[in-house]
Each structure stands twice: as structure tokens, then as C-alpha cells.
Amino acid sequence: MRISDIQRCEVRPGQLVEWTFSPATIAAAAALPPDPRPPAYIQESHIRTARSVREDGLFVPTWLGTAFDLPGRTDLDALERALRGWTLRHETLRSGFRWAGDDMHRFTLDENEVSLHREVVGDFADAAALIRYLQDRFDAAADALGWPNLIYAAVVREDSTSVYMAFDHTNVDAYSIHRIPDEIHELYAADVTGQPVSGPSVGSYVDFCEQERANADGIDDTHAIVARWREFISRCDGRLPEFPVDLGLQPGGVLPAQKLVCEPLVDADAAAAFEAHCRPYGGSLVGILAATSLIVHELGGQPVYRTVVPFHTRLKSEWSDSVGWYVGGAPIEVPAARDFDGALDMVRAELRANRSLARIPLARVLRLLGADFRPTSPDMYSIISYVDTRLIPGAAHWDQQKAYGLIRVSYGDQVCAWVNRLHEGLWFACRYPDTDIAYKTVRRYAEGLRNLILSVPARERSRVAEPALT
């Protein structure tokens, strides 16, 4: 699935229809007693950060979403039933948080209390006007500090219908977003044809939050993982790592607006050759990180590349198909290498040594470190993410369905990049501070990444790598 923003996901005119939780559902939620299951540390950190930034006077939308097409004139009643059925499948979507002083408490609706309200917004003849409306609507409806914090929409035409679904980040991660088109297609087709939908039950992210938090709360500041993070952060001058190049930002300045670049990186043959070359070292994730270490050393001259690598925390099969924010981070440090294979060796060793650190939420570690990490930016650190998406259900149809993973690009002082392996090749997306220096740096990084991937030995290009999730 191509990562994009709402401006670049092939929005076309049509009649706009929206679904939100009904007034009866919102009223039922308001009367609920607390759910004793706590928020995940990553959820609490995200919401506290949103509140902190809002208190500083800035509204920073951070929703994620998906866009995809259904063929032909859509049966809106069947689509509504599919959307509701999918919502009920994933408990986190009917769960939210309230403040009691400075404490967050969860509430969770029963399935029979959830209903959707459908509204026909009207006809849009101009794609630009529709894009502006959708972005503003999603900003308001999928706000981290509000509830409900999700919205579904459809742009209906005679020949096709485009479905848009937006969520506050507390409910979803990238893998969740990637699975949505296939699940909605399956539920919609089953309703239209009268066929039952089969499949195993899906684990609840709310249950996962409770288990992960209990595990994280079982450690203290003497734990080895906390010690490893303490040492890493001390070598980052007491902060979490930033993209180690000049981005044209003033220290202590206001949070800058961001821009997005998203584009094909290399084709399928080049992606396969790169994977074949990197496989002995652990695969393309290792390769992308190794390449990045070489490129940023060339761009910024830092002797060591430090970053936090995102890893999924879906460690049990019951979580594999669950919607939620199943992400942890592991720190790595890569000294400047003489060549690409040398960098591959070092990244492999770092990931082997440190990947287990992602199992304890970083927000818990920071709390134990006792440092003042009051968030002033929606991103705690810069990331480089790599995901091989080719085995995700429905991936072969994404191009035909015009399927996109949507990110909201608003404000931030970090560089966040995503490299996705698609059937068509590697796709690159990156949001970065809107300065001339940052733009030139990100362009040089993307071109450096492309050139290095294309530079793997020619003999690798004749080999075909089997699809595998990394």
C-alpha cells in the first residue's frame, strides 16, 4: 500500500456520504462506568503529548487512515453494515478515555450499544474542494483529545465508490491500516451476496494494553532494559535521537509546519536484488538502515548514526489480525562504515542485541529514567520504517483498488520516513520540516537511498526473492 496524504490519493468528485457514531452511541458512552483496563503506555503518551502541544497553542492533527475503491454503484446499506461489523470486530474502536484530574480512565462500549449515523453531505464537483473538506472533517472527527475519534466516508459515483476511513493514532498502526481494504471488501461482498464471513476471532487490543502495561509496570529503574536506554540517551546528549543532519531549524523555535514527499523508489526487480543481497544479514530492513547510516554520515558527518527502530509487538497469534497500536522501539548505534557490507554487519549486530528492548514501552522507560521529557512535538524521535507488505491480505489488489495508507502531515520538527515493499517495488514516503534546507536534505537522502539500492551487484538482479514479511 502506498503511503500518502489526502492530497495525493487520487480523490475524485462525487456524492459524499459520512458515517459517525450515532447520538445514541455517544450518549451510552457518556453514561459508562470506567473500564479497569488501562491505556497502553504508547496511547497515554500520545494523548498527553497532544494535550501538551494544544496547551502551547497549536492544534496538530495526527490521524491515520486508508482510502480504497469499491467497484460499481455501491449499496450504501450493505456498506454501512460492513463498516459497523468491522468496527465491532475490533474492540479498541469502541473504547475511549476520560480525564479525572491528571489521570486517564478507559471506557468501553458493548457491541449492542454501537450504531452508526449516516449523513449525505452533498455533491462535490471539484476534487480540490472535496480534498479540503475531507481534511478539515477528519481533523475534527479524528482528534486525539476527543471521542469518538474516528470517521468513515464514501464518495459515491456510478462506476465506483471511494471509501475513506480516518482514526486517531491511539486506535491504529500502519499494519492495521494496511489490512482494512481487504476486510471491508470481504464484509461488503459477503453482505451483497448473502454469503457468511468465516475466520478466526480477533484478539482485543484493549486486552493487549492491559497485559503489556502489567508487564511494563513489573520492572523498575534497575532493570537491564532501562539501563541500556539510559546509556543510549546519554550518548544522544540526554535526548532521543533526531535525524543527524541540518534541517534548517532554530533551537527553541516554534514547531514548524511539515511537508511530505512520496514516490516510487525502485522497481520490483531492483527491490528483489536488494533483498537478495541483504538476506544473509537479515533482509531489507537491515539494508535500509545500513544504507541510511552511510548516507546520513555523508550528509552530516556524524561519526555514529543513532536511531530508534520501530518494531511490531504482535508477539502472539491472537494479535496478528487485531486493529491497534502494536509498536515498540529499539535503539541502535551504527558507527561510520567503510562500505555497505560493513554497515550491514553492524546493523545486524545492533538489531540482534537490542530488538528485545522494544518489548518494554519507551514511555515507561522514560518515566523510570525520571528525566524531564515534556513533549513539545508529536514525534518523540525521527524514524526510518521498513515493511514488506506483499503478504498482507489483499495486497495484490491494492493498485487496482487505488488503495492508500493515509498520514496527516501538519507540524513537527522530526524526519519520519517509511519504505514499503510492494509487488511493484519499493515505495518511499517521508514527512519533514518545511524548510529549504530540510527539503534539500530529504531529496539527497531519497536519491542516495535509490542509488545505493541500485548499486547492489548485478548478479543479484537475476535472482528472485520470495515474498516475506520483515
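Arg 54 has a relative accessible area of 28% and is therefore partly exposed, a class that lies between buried (under 20% relative accessible area) and exposed (over 50%), as computed with a 1.4 Å probe on protein chains only. The model is predicted, so that local features need pLDDT of at least 70 and side-chain atom pairs count only at pLDDT 80 or more, while totals for chains, interfaces and linings use all residues. Residues are numbered from 1 along each chain as its sequence is written, and side-chain values use heavy atoms, with hydrogens and water left out.

The side chain of Arg 54 meets that of Asp 143 in a salt bridge, defined as a side-chain nitrogen of Lys or Arg within 4 Å of a carboxyl oxygen of Asp or Glu. This pair links distant parts of the chain, with Arg 54 in helix H2 and Asp 143 in the loop between helix H4 (127-141) and strand S7 (150-156); helices (H or I, at least four residues) and strands (E, at least two) are DSSP runs numbered from the N terminus. Asp 143 is buried, at 16% relative accessible area.

The structure holds 37 salt bridges, among them these:

| Salt bridge | N to O distance |
|---|---|
| Arg 51 and Asp 102 | 2.6 Å |
| Arg 54 and Asp 143 | 2.8 Å |
| Glu 80 and Arg 118 | 3.1 Å |

Arg 118 is partly exposed at 32% relative accessibility. Salt bridges that share partners also join Glu 44, Arg 48, Arg 51, Asp 102, Arg 213 and Arg 367 into one network.
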